[in-house]
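Here is my note on the model you sent, written as numbered points for a reader who is new to structures. Please keep the sequence and the 3D view open while you read.

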Amino acid sequence: MSVRLPKEIHQERLKMHLANVADRQKYSDPETGSFFTSLLEERSCPVCHENHEQFLFFKDGGSYVKCTQCDMIYLNPVFNDSAIENHYRNNHDCQSEIVENDSDFYTNLYTKGLRAIETIVSEGNILDIGCSAGGFLDIALSCGWKSYGIELNEKEADYALQKGHTIYNKLLHEVTFEQKMDAVTLWDVFEHLKDGYAYLTQIKELLTDNGVIFLQIPSADSLAAKMLQEKCQMFDGIEHVNLYSFKAIEKLALECGLSILSYETVISEIGVMNNYLSYDNPYLGGTTNLQSIAGLIDEKAIHEAKMGYKMQLVLGKI
Ligand SMILES: [Zn+2]
């Protein structure tokens, strides 16, 4: 297994990101540089359903605001349903390459998440929504879980199927499951969904009585996001529509009749922050100090303060 450093992963992501951003000109009015209003809709805080927003910044055509009640950061205006569907169809379904996230970087994240699930429910059926080529399901299967996946990308779905997982190449609401799930996981998916309430409620219906939902999502509380602000890759202007703070996800979970059973943060982004503090491009700088931010804050301190880049959460029915 090849070891890929987070920096290399960032470089790849940045390349893809820049290509995406260049492609976005088709959505923008050349006069103003803003997205065409016909693609957009206004909304209130997706968690509070009220409008207590503070404008933060523009990023690649999108406008990010923060709810002063729950600290949720969200795109407002946001692409309407048909515009976002059209965007995903043209940018993702035609992917020709299978992204196999089998590096140590992903294996460590997947393993940590599975351990968090297994402290609550240790076996049974597990469903990964947006499973890509099945990287997480491989680990779950090897630990004795019966593995199910949902993946819209046909090539990735086929690939995961060949590895022995039960895969549905459909949207969640189009699938009828014969059995209830002991765990449903969403890795870096939930931040793409405008209506978190509707989706969580739908997933809750699939669970056994003791079943859990696992989410890995970017954290609006993260030190890297707070330090880098619009320079942070967390903010992409179109796809990352909802960036939850812990306060916001806790509030949303409660509203759905769910409680948070475990909560950790992962990925320190120390290298990225050190690059930024050296006046370099945060994602392409040459900083080799991955131990601490300017010699002051180490990885342990970041995660103890729950200020890592992403949250890993396990939710259970109340
Ligand atoms: Zn709010």
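1. Three bridges join β7 to strand β8 (residues 166–168), and the two strands run parallel; strands are said to pair if DSSP finds at least two bridges between them. In β8, Tyr168 is the bridge partner of Ile150. Helices (H or I, at least four residues) and strands (E, at least two) are DSSP runs, numbered from the N terminus.

2. Before going further, please note that this is a predicted model, in which local features need pLDDT of at least 70 and side-chain atom pairs count only at pLDDT 80 or more, while totals for chains, interfaces and linings use all residues. Residues are numbered from 1 along each chain as its sequence is written, and side-chain values use heavy atoms, with hydrogens and water left out.

3. On its other pairing, β7 (residues 146–150) is joined by five bridges to strand β6 (residues 125–129), and these strands run parallel, with Ile126 opposite Ser147 in β7. The chain passes from β6 through helix α4 (residues 135–142) to β7 in a right-handed β-α-β crossover; right-handed here means that, with the strands pointing away from the viewer, the path from the first strand over the helix to the second runs clockwise. Strand β7 is mostly covered, as four of its five residues are buried, where buried means under 20% relative accessible area, exposed over 50%, and partly exposed in between (1.4 Å probe, protein chains only).

4. A right-handed β-α-β unit is also made by β7, helix α5 (residues 154–162) and β8. Where do the buried residues of α5 lie, seen down its axis? Glu156, Ala157 and Ala160 are buried in α5, and the buried residues of this helix fall within an arc of 100°, so they line one face of it; the arc is that of the directions from the helix axis to the C-beta atoms. These buried residues pack against β8, with contact meaning heavy atoms within 4.5 Å, whereas the face turned away from the buried side carries the exposed residues Glu154 and Gln162.

5. Another part of the model to examine is an open sheet of four strands, in the order β2-β3-β4-β11 and with antiparallel pairing. Strands β2 and β11 (242–243) stand at the edges with a single partner strand each, so one side of each is left without a neighbour in the sheet. Six bridges join β2 to β3, and Lys59 stands opposite Gly62 in β3, while Glu53 stands opposite Cys67. Three bridges join β3 to strand β4 (residues 73–75), where Tyr74 is the bridge partner of Val65. Five of the six residues of β3 are buried.

6. The zinc ion is coordinated at 2.3 Å by the SG atoms of Cys45, Cys48, Cys67 and Cys70; donors are N, O and S atoms within 2.8 Å of the metal (3.2 Å for Na, K and Ca), and water is not among the atoms, so sites may look incomplete. Why is the arrangement of the four donor atoms called tetrahedral? The angles they subtend are 104 to 116°, which makes the arrangement tetrahedral, since four donors count as such if all angles lie between 85 and 135 degrees. The donors follow the spacing C-x2-C-x18-C-x2-C along the chain. Cys45, in the loop between β1 (40–41) and β2 (53–59), and Cys67, in strand β3 (residues 62–67), are 22 residues apart, and the pair links distant parts of the chain; both Cys45 and Cys67 are buried.

7. Some backbone angles deserve a second look. Most residues other than glycine have a negative phi, and most peptide bonds are trans. Asp60, however, has a positive phi of about 45° although it is not a glycine; it lies in the loop between β2 and β3 and is partly exposed, with a relative accessible area of 27%. In the hairpin of β3 and β4, which has five residues between the strands, Asp71 in the turn has a positive phi of about 65°. Ala294, in the loop between β13 (292–293) and β14 (297–298), has a positive phi near 50° and is exposed, with a relative accessible area of 52%. The peptide bond from Asn76 to Pro77 is cis, with omega near 0°, and Pro77 is in the loop between β4 and β5.

Key: Tetrahedral: all angles 85-135°; square planar, octahedral: opposite > 155°, others 65-115°.
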